[in-house]
Each structure stands twice: as structure tokens, then as C-alpha cells.
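Please look over the sequence and structure shown here before reading on.

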Amino acid sequence: MKIENFPEEIKGYVLPKHEGKLVYRCISCGKEYGISKLLYTCPDCRNVLLLYDLNFDKLKEIPPYIWHKVFDYRKMVNIPALKGIYRFHEFIGSVIPLDDIVFLGEGNTHIIEANSNLQDKIGIKFYFKNDGQNPSASFKDRGMASAFSYINYLIKNNYVSDVLAICASTGDTSASAALYASYLRPNVKSSVLLPHKKVTAAQLAQPLGSGAYVFEIPGVFDDCMKIVEAMSEKYNVFLLNSKNAWRILGQESYSYEISQEFEYDMANKVVIVPIGNAGNITAVMAGFIKFYETGIINELPKIIGVQSNHANPVYKYYFEPEKNMRKFIPVTVKPSAAQAAMIGNPVSMPRVIHLVELYNKLAKSQKVFFVEVTEQNIMDFQLTANQNGHIACTHGGECLAGLVVAIKKGFVSKKEVAILDSTAHALKFVNFQDMYFENKFPLEYEISSKEEFINAPILINTKDIQKVSEEIAKKLSLNEV
Ligand SMILES: *Cc1c(COP(=O)(O)O)cnc(C)c1O
Ligand SMILES: [Zn+2]
């Protein structure tokens, strides 16, 4: 639809004006820094940063009903830059001109209601938001679209040239970074560090396919992260982990899309996300807070963060009810089917602590909760979901397992509506499904296969049409007509 045909009252708003004034702000000491240079940590106190718009209060001058219309009408605009996460441009990267935005089809992922069979089983109305339907098949593309649009903006303004992008990854960050970096050739090259044998075959194939330098490192993700952190201090590289605040900014689009999908009515809604490096839950909280502060939503939804008991530092931190008694202690991770969240020392922990407090304060009651689930339940609930029409990855299964725990603990009532993050596509993690179906999980996973979920192909050993059809009919207990 052409903008000239839009309602008069929103015509002036539909094309974003990039009037924001973004700064990095230190989560700890509050110092602010300009964005013409990429910063990861506060030069003063070394803590992590978040991006803030100094002109944010101006957004509050526009009435919420106008915002609703602007976002809804932007869905109909045929400008690629506005088709993804930058539909919410004023809230995401309001300094980036439309011409510099990198759009590869990210965002706008569908929210699919669970069928009645599954809703009856769980006892609550719920949906999966399929973030595996992003271009590299995980939610990481939201943050990369933001980070690479910023890089593109720096390149076009001659602030930088010959960028070398680098990241540590549990598999999906590298797939996404390599994809977006390859789009910006020849100005950007990328390299990724993966824990050897701790990403799936699909996740290893992705950055290789995009032409990135792929380094496999002995150890787990936390070891890779230490290396890229050290390298980003010493060499001229662009760190693309969620330590980079531009990643967080882009991932906030997840909350904006949920708000829009439910007509900005967040009453009785519960958003459930898995936690690894804690960038995602940081972004989800930050996004809802921004929409709440501008009146675009009039209530903050509940948020449930889920961790496996094999990688649970955030859960453990909040297990202590007394705020002043809480102490963050990194954990040594054990093998997990929710492998992309197998992180013992999450980089965004200080952001989480900061935002959880703010979130609950704004909501005037506790709205953020943390639960822990078993590896067994992660797999059992993933398979249950997918045998009812979903394409949930193991982390989607983790969310469903987390919902069940949250109901049991009374954090969620059956009158509420839950939105579960299937953070990646099931196909990335078929190796875990295979291990389950073949009952071959190594002991450390603590997962044993249940007969009711196991599925395997049935080999037919003849080409004789008569015999084959008899054999299949027998298996399916078919009656002759
Ligand atoms: C990265 C990732 C997570 C964890 O997200 P964080 O932002 O690191 O907490 C969960 N699921 C999938 C599929 C991921 O790729
Ligand atoms: Zn500081």
C-alpha cells in the first residue's frame, strides 16, 4: 500500500525520522559514551553497557493509539528496511538511516496456538512463537540485523573499514553472524569460535557455508568466550556476542512483535524464555519496559526465565529469596540437550539483575520468575510439542517444561495465556531427537527414552507390490474394504 493512501493522522509518522540520540550507558556506574566507536564494556569500570536513546521522552509525546496505527500500517509498506525488526525503528536503532539497514528476512515470526490436545494436557492456553523461522533459523538474527545495520552505518560513514567480525558461539550466534557478515562482503569478514564437538552438525555447516573462518576450540562455550573477550581488547575486531549492546537492542523486537500480535493487551500474558548467556531475557525485559513507559502497552507481562539443571547459574542466583543475600556464582556446565543455552557464566548477568529489579518495580509486583527443569523433561516436552504440530527446538521444549513447573509452583495461573519462545528450528537439533529415538544419550545427559515418544523408520525388505502393501497394512492394522 502506498503511504499517500494511509490515514492522515499517521502519514507523518510512517517513515521513521531517525531522530534518536543513542548512547552506551554503563549498567553499573551510569557513565555514558557516544556510539561513533564500538564499545563492549565501560572504559571506566569494565561493566557491561546497554544502549539508551537520550531523546526517548519525545516518543512519549506521541499518543499510544497513534503508535499502534503506525506499527500496524507499517506492515503494509513495501520498503524492505521496514519489513523486519525495524518496523519498530524508533525503539531499536533510531539513528540508523533506512538505507543502511540490513534486512535478510528476520523478525515477524509467527505465533502459533497449541492445539486443544496439547492445551488440555498442559492445562493452559499457550502459543509458541517460532523464532526458528528466522533466516538462519534462530532468534539470533534479530540481534545480528541490528548489529550489522550499525556496522553498515559505520562503514558508510567512513568511521570504519575492513571489519573483522568475531564471536564465540554455542552454534546459533555463529550461524547468524556468518550469514549477515557474508551479506556485507567485501567490507566485512567473519570468524567464529566454537567449542569442539559441542555444536550440532547443522550449526557447524552454517558458518562454513557462509564462508566464515571457523575455529574449533577444546572446552565449552565459556572457554571460547574468554578467548574472544581477550581478543576484542587487544585487536581491532568487532565482537558480536550479546556483550555487544547492539545485539540486545535488535532482540527487543521480540517483545514488540508479541505486543502487536496481542493488540497491545499484555494483561494476563506470560512470556517464557530459555536462558543461556542471558542476552535474550535481557532484551525481552528491556523491550517490554520501553513499550510500557511510552504507554504502548498498559501492563507488563509476566516473564519466566527457564534453565536446565545442567546449566543453571541464573536460576541458582534467584533461588535465594533475600535480595541482599544473593550472590552470583558461575557454574560448571554439564551436557545439555538445550545445548545453545549450555552456559555457566552468562555475560548479561549484571543486565539481568539490573532489569529484573526495574521490571518488578515498574509493575509494582513480582513479574519476573526463574524456574529450573530436568534434561528428561526438556526432551519429553519437545517431542510432545512436535508430535502436536510444532517445530520447537530443544529450547522450545525447555520452555514448555518450564511452563509446567511454573504452573506447579503457582507462578502462573491457569487463567493466564503463555507465549513460549521456540528460539531455533527443530531441524538444527535433530541429533538429540536421534539419540532419543535410538536410546543412545550418553549417561551424563540423564535422559532415558520413553517408549511413547520413540519413533523409527520401518524398513520394508521387498519391492513386490503385493507383499509390501500387505506388510504396511499389517503394521497399520488396516482392514480390507
Ligand atoms: C542463544 C540461544 C539461547 C540462549 O539465549 P541467550 O540470549 O544466550 O540467553 C537459547 N536457545 C537458542 C536456540 C539459542 O541459540
Ligand atoms: Zn561504568
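## Two domains

The centres of domain 1 and domain 2, taken over C-alpha atoms, are separated by 24 Å in this predicted model. Domain 1 comprises residues 111-136 + 252-445 and domain 2 comprises residues 139-244, with bounds that come from an automatic or database domain assignment.

Residues are numbered from 1 along each chain as its sequence is written, while chains are lettered from A and ligands numbered from 1 in the order in which they are written. Local features need pLDDT of at least 70 and side-chain atom pairs count only at pLDDT 80 or more, whereas totals for chains, interfaces and linings use all residues, and side-chain values use heavy atoms, with hydrogens and water left out.

## Where the domains meet

Contact, defined as heavy atoms within 4.5 Å, links 27 residues of domain 1 with 23 residues of domain 2. Between them the two domains bury about 2,000 Å², of which 49% is on carbon and sulfur atoms; buried area here is the accessible area (1.4 Å probe) that two parts lose on being put together, summed over both. Of the area that domain 1 buries against domain 2, 27% is supplied by Ser136, Gln339 and Lys428, more than by any other three residues.

Three salt bridges are found across this interface, a salt bridge being a side-chain nitrogen of Lys or Arg within 4 Å of a carboxyl oxygen of Asp or Glu. Arg142 forms a salt bridge with Asp131, in which the closest N and O atoms are 2.7 Å apart.

## The ligand surroundings

Around ligand 1 there are 14 residues, of which Lys140, Asp172, Asn277, Asn280 and Thr423 come nearest; a residue is counted here if one of its heavy atoms lies within 4 Å of the molecule.

Lys140 has a polar side-chain atom 2.6 Å from an oxygen atom of ligand 1, and Asp172 likewise places a polar side-chain atom 2.6 Å from an oxygen atom of the ligand. For Ala278, it is a backbone N or O atom that lies 2.8 Å from an oxygen atom of ligand 1.

## Two backbone details in loops

The peptide bond that runs from Arg185 to Pro186 is cis, with omega near 5°. Pro186 has its place in the loop between α7 (172-183) and β7 (188-195), where helices (H or I, at least four residues) and strands (E, at least two) are DSSP runs, numbered from the N terminus.

Asn439 has a phi near 50°, which is a positive value in a residue other than glycine, and Asn439 is found in the loop between α17 and α18 (465-475).

Terms used
A polar contact is a pair of N or O atoms within 3.5 Å; within protein, one must be able to donate a hydrogen and the other to accept it, and residues adjacent in sequence count only if both atoms are side-chain atoms.
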